[in-house]
Amino acid sequence: MKLAYQYDTDGLLVAAVYLENQDQIPANCTAVVPNINLKTKPKWDGKTWIESGQVYAITPEVKAPNSSQQMIAKLGADVAQMQQMITKLATMIKPQGGQHN
């Protein structure tokens, strides 16, 4: 996989997107990593990322997880709990056989 940076019609950074290695980078994307030292939202000028003059949003939108995401999170927690129980049981079981006195 490779990472590309998508920009809108004004050149403003929209998102980082993953592409398969064999995929070509779309026309509205670049492989050039945005400069993390920019004070404002990055803007693609065709060669590099520059200051756009637009301030970053201070509070990003946070969406509540949907029912599928909640179910997956619960299943993950259940699996982790089962793994802990199996590990604990494995330490309690002593191997049998192999040695005779």
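Predicted model: local features only at pLDDT ≥ 70, side-chain atom pairs only at ≥ 80, totals over all residues.
User: Let's start with the strands. How many bridges join strand 1 to strand 2?

Analyst: There are 6 bridges between strand 1 (residues 2–7) and strand 2 (residues 13–19), and the two strands run antiparallel.

User: Now the side chains. What is the general idea for a regular strand?

Analyst: Side chains in a regular strand alternate between the two faces of the sheet.

User: On to the rings, then. How many aromatic pairs are there?

Analyst: The count is 3 aromatic pairs. Take Y7 and W44: they are stacked, with 6.2 Å centre to centre and 25° between the planes. Since Y7 lies in strand 1 and W44 in strand 4 (residues 42–44), this pair ties together parts 37 residues apart in sequence.

User: Is Y7 stacked or edge-to-face with W49?

Analyst: Y7 and W49 are edge-to-face, at 6.3 Å centre to centre with 80° between the planes. W49 belongs to strand 5 (residues 49–51) and Y7 to strand 1, so the pair links parts that are 42 residues apart in sequence.

User: Why does Y7 count as buried?

Analyst: The cut-off for buried is under 20% relative accessible area, and Y7 has 15% relative accessibility, so Y7 counts as buried. W49, at 5%, counts as buried too, and W44 is also buried.

User: Which residues form one aromatic cluster?

Analyst: Y7, W44 and W49 do.

Note on methods:
Residues numbered from 1 in each chain as written. Heavy atoms only, no water. Pairing = 2+ DSSP bridges. Helix = DSSP H or I, 4+ residues; strand = E, 2+ residues; numbered from the N terminus. Phe/Tyr/Trp six-rings, centres within 6.5 Å; stacked < 30°, edge-to-face > 60°. Buried < 20%, exposed > 50% of the residue type's maximum accessible area, 1.4 Å probe, protein only.
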